Amino acid sequence: MAPMQRPQTLLLPCLGTLVIALGLGFAVPAEAQMTGIYLAYGDRGSPGTDSSLYFSTWPIGLAECQANTPLQVQINNAPFSVTTPLVYDLWNGGSGPAPAACQTASNRLSSIGMAPCTRVAWDGPMISGVQQVVSVLPQDLFGAECTASGDRAFFLMAVSASNDVTTDLTTANYVVLRVVMNGSRPPAPTVRDAAGDNAIAVNWMLGMDTLTLSSARVFVDRTATMCTSGDGGMGTSTLVEGATPPTTATMTVTGGSPTTATLDGAAIGLAYGATAAVAVSVLDLARNESVLSNVACITRVRVGGFWDSYCAEQGLTEAECRARYDGCSVSVGDRSPGAALAMMGLALLGAAVRTKKRKKS
Amino acid sequence: MSVTRIAWMALVALAWVGMVSSAEAQIGSEWTSVHQYEPTDERFTVELRIGAYRPSLEPAFTNAFGGDLGPLLALELDVHLFRIPYVGPLAIGGSIGWVEWNGAASTAGGTANVGSTGMSLLPMALLAVLRVDVLARELDIPFVLTGKFGPDFGYYQTGVTGRTDAEGWSVGLRWAAQIALELDFLEQRAAHRLDAEWGINHSLIFFELYGSTMGQMGGNMLPLGTDLAWSLGLQLTF
């Protein structure tokens with residue numbers, strides 16, 4: 001008797017239809033599903049990087065605002081008007097979760113003196129039908145002093161005339177741009193003294209009110225005399241607690257709220273027993289940089305491990321230990337898996353050649 | 001009764017007879033298609049193991065790594081040469097493993113928190129293996145006893161954070177004694193099916209004691225051998 005195939009024959013087309021339907025759903029371009037102009041948020045890079053191509057959800061920092069670095073806003077689906085060339089107008093709708101509805105003409109009407117929306121001194125020609133990047137100046141949003149920290153809802157409108165206060169706009173002709181500015185520096189961290197050889201672990205504690213940081217910069221002063229023992233604490237350093245950080249850092253540590261950096265004593269030019277001054281600054285998500293932390297001391301010391309312990313136990317100096325175990329047993333060099341793999345490969349090759357020779361004979 | 005009706009009844013009857021005979025034929029073929037289990041040839045044995053390993057480097061080893069036991073992870077493959085009647089298979093095999101120990105580094109002045117020290121070892125061995133499975137094969141006692149002997153090689157590296165102090169090879173001899181429990185008795189039919197479908201004759205769990213003279217037989221080699229170590233794992237014969 002033939003097996004019952006009907007459920008399978010029904011199931012397969014159903015699954016196929018579902019897959020096709022899902023595929024079509026995913027295949028529809030996002031732009032085709034949008035109506036009106038909308039922001040295509042580009043990524044200007046995570047905080048700490050210098051890329052600033054497009055506006056993103058990261059907050060603006062104080063330095064960025066003071067430098068008035070333009071925010072690049074990418075706009076898609078710009079409307080088109082046959083009769084009148086359109087321009088962009090930028091209006092401030094205020095802060096908070098429920099900003100004023102600037103698309104409504106009465107909210108922009110300044111003649112009554114109490115309009116909840118205020119026009120930002122910015123406009124530009126609109127190029128419809130193409131993806132357009134427009135620049136918005138931070139000081140147009142937050143004032144020349146850049147003191148107005150907080151969030152703002154800005155309405156980017158496509159209107160027939162600049163400062164249009166008579167037209168109620170539909171969703172096709174405006175988009176809301178929410179910008180956050182953080183104008184305050186994060187608190188400086190507290191650094192602890194450290195010692196080590198090729199991996200000196202410098203650790204610091206973040207301020208209690210620091211929630212999220214993007215990176216930290218570590219500064220080393222090898223010429224400092226403040227860490228030299230016997231100076232009675234009267235030595236000096238180019239690094240000063242609470243000062244503006246130098247422009248060039250010895251090391252930058254990125255990642256979520258970093259609290260440690262590993263310095264190579266040899267790479268930064270320290271001899272065994274030598275000291276250096278170290279200080280740290282931290283950067284928040286808005287790239288605001290703290291002032292310098294306290295200045296701590298690092299010391300390059302010879303770190304001993306199993307090998308030192310074993311050689312000492314054998315009554316050998318390090319050089320004697322190497323000499324004794326040198327040759328087929330020990331070689332000293334960088335710790336690389338490549339050397340191990342090469343040795344294993346040679347051993348296997350030797351075994352294979354020997355086997356082949358035996359077979360031939 | 002019309003001719004058409006008679007024709008329909010005849011057709012239905014024929015269809016019924018056909019279906020019944022077809023079903024009977026299928027049942028018959030199912031019964032007759034059952035084959036008696038014939039074990040496949042046993043050619044290889046593979047072992048996956050985990051265990052503790054501490055080389056004979058005392059007291060420096062304990063000073064640096066405390067009670068760190070590894071663990072040692074290893075893989076062994078044996079090729080059966082021939083079967084000794086009423087004893088078991090004689091094989092040659094190779095094994096490779098990995099173990100690493102870690103501890104806190106220190107300075108001459110006793111400064112703490114200056115990184116860590118570590119040592120890693122890749123032990124490798126070529127082994128002659130005798131598996132005595134006569135108990136399981138002839139007396140249905142599911143235990144297999146195994147002895148192993150052969151040259152042992154070890155490649156090691158040691159150092160502290162950011163620096164390698166030494167690396168190299170040590171050579172010696174390894175011995176091992178193993179007892180394994182054959183799991184076939186738990187579900188004989190499943191074991192046969194595993195053999196028929198995958199060629200795996202037997203699966204076992206084992207416990208092994210072993211020792212090594214790696215680096216202890218003269219020459220300037222680091223003594224990485226051990227008087228006694230143990231491991232346990234899974235063994236498959238196929």
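**Strands, sheets and cores**

Guide: B:Asp78 has B:Gly93 as its bridge partner in strand S3 of chain B. This is a predicted model, in which local features need pLDDT of at least 70 and side-chain atom pairs count only at pLDDT 80 or more, while totals for chains, interfaces and linings use all residues. Residues are numbered from 1 along each chain as its sequence is written, and chains are lettered from A and ligands numbered from 1 in the order in which they are written.

Visitor: How many bridges join strand S2 of chain B to strand S3 of chain B?

Guide: Two strands pair if DSSP finds at least two bridges between them. Helices (H or I, at least four residues) and strands (E, at least two) are themselves DSSP runs, numbered from the N terminus. Here S2(B), residues 72-84, and S3(B), residues 88-104, run antiparallel and are joined by eleven bridges. The two strands form a hairpin with three residues between them, and B:Tyr86 in the turn has a positive phi of about 60°. S3(B) is also joined to S5(B), again antiparallel, by 13 bridges. Within S5(B), B:Ser116 stands opposite B:Ala104.

Visitor: What is the secondary structure of chain B as a whole?

Guide: Chain B has four helices and nine strands, and along the sequence they follow the pattern α-β-α-β-β-β-β-α-β-β-α-β-β. The average pLDDT of chain B, the predictor's confidence in each residue from 0 to 100, is 86, and 85% of the residues score at least 70. Where pLDDT is low, the predicted coordinates should not be read in detail. The model scores ipTM 0.74 and pTM 0.60.

Visitor: Is B:His80 buried, exposed or partly exposed?

Guide: A residue is buried if 20 or more other C-beta atoms lie within 10 Å of its own, exposed if 12 or fewer, and partly exposed in between, with C-beta atoms placed from the backbone. B:His80 counts as partly exposed because it has 19 C-beta neighbours inside 10 Å. This residue lies in strand S2 of chain B. Across chain B, buried residues make up 37% of the 238 residues.

Visitor: Which residues does B:His80 touch, not counting those up to four places away in sequence?

Guide: Two residues are in contact if their C-beta atoms, placed from the backbone, lie within 7 Å. On that basis B:His80 touches B:Glu42, B:Arg43, B:Phe44, B:Pro89 and B:Ala91. B:His80 and B:Arg131 are 51 residues apart in sequence, and their C-alpha atoms are 9.8 Å apart. Among contacts in chain B between residues at least 6 apart in sequence, 63% join residues at least 24 apart.

Visitor: In what order do the five strands of the open sheet in chain A stand?

Guide: The order is S10-S16-S15-S12-S13, with mixed pairing. Strands S10 (194-196) and S13 (251-254) of chain A are at the edges with a single partner strand each, so one side of each is left without a neighbour in the sheet. S10(A) and S16(A) run parallel, joined by three bridges, whereas S15(A) (residues 275-284) and S16(A) (residues 296-300) run antiparallel, joined by four bridges. A:Ile298 in S16(A) is the bridge partner of A:Ala194 and also stands opposite A:Ala276.

Visitor: Which residues of S16(A) point one way, and which the other way?

Guide: In a regular strand the side chains alternate between the two faces of the sheet. In S16(A), A:Ala296, A:Ile298 and A:Arg300 point one way, A:Cys297 and A:Thr299 point the other way, and all are buried.

Visitor: Which residues have the most contacts inside the largest nonpolar core?

Guide: A nonpolar core is a set of buried Ala, Val, Leu, Ile, Met, Phe, Trp, Tyr and Cys residues joined through C-beta atoms within 7 Å. The largest has 36 residues, and those with the most contacts inside it are A:Val202, A:Val218, A:Ala276, A:Ala277, A:Val278, A:Ala279 and A:Ile298. S15(A) gives the most to this core, with seven residues. A second, separate core of 33 residues includes A:Tyr310, A:Tyr325, B:Leu57 and B:Ala91.

Visitor: How many residues of helix H6 of chain A are buried?

Guide: Six of the eight residues of H6(A), residues 306-313, are buried, among them A:Trp307 and A:Tyr310. What covers the buried residues of H6(A) includes helix H7 (318-325) of chain A and helix H2 (60-65) of chain B. Just after H6(A), A:Gly315 takes a positive phi of about 75°.
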